[in-house]
Amino acid sequence: MSKETNWRKASYSGSGGGNCVEAGDGDGRVLVRDTKQRASENRAVLAVDASAWRRFTGSLKHG
C-alpha cells in the first residue's frame, strides 16, 4: 500500500460515525478500509484487482 494513496469516503456513508468505508487507488488495485480504523496500526486493508472491482460495482448498479 502506497503512502500516497488518495482515500475517498463512500458516498453512502453518513456523518453519524456509523459503519463507513473508504476506497483508494493503489498499483492497479482498489483499496478498501474501515474509516474508524484509519489511524490504527492494526488496520486491515482489502486490496481488489481494479477490473474485478469494476465488475463488482457494475453488478450492484445493474441489480
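What share of the 63 residues of the protein counts as buried? The figure is 25%, with buried meaning under 20% relative accessible area for a 1.4 Å probe, protein chains only.

Some ground rules. This is a predicted model, where local features need pLDDT of at least 70, side-chain atom pairs count only at pLDDT 80 or more, and totals for chains, interfaces and linings use all residues. Residues are numbered from 1 along each chain as its sequence is written, and side-chain values use heavy atoms, leaving out hydrogens and water.

Next, the layout. The protein has 4 strands and 1 helix. These are DSSP runs: E for strands, at least two residues; H or I for helices, at least four. The order from the N terminus is β-β-β-β-α.

On to pairing, which takes at least two DSSP bridges between two strands. Strand S1, residues 8–9, runs antiparallel to S2, residues 21–26, with 2 bridges joining them. Arg8 has Ala23 of S2 as its bridge partner.

S2 also pairs with S3, residues 29–34. That pairing is antiparallel too, over 6 bridges. Here Asp25 is bridged to Val30 in S3.

What lies between S2 and S3 in their hairpin? There are 2 residues. Asp27, in the turn, has a positive phi of about 50°.

Last, contacts, meaning heavy atoms within 4.5 Å. Take those in the protein with a separation of 6 or more: 13% come from residues 24 or more positions apart.

Notes:
Buried < 20%, exposed > 50% of the residue type's maximum accessible area, 1.4 Å probe, protein only.
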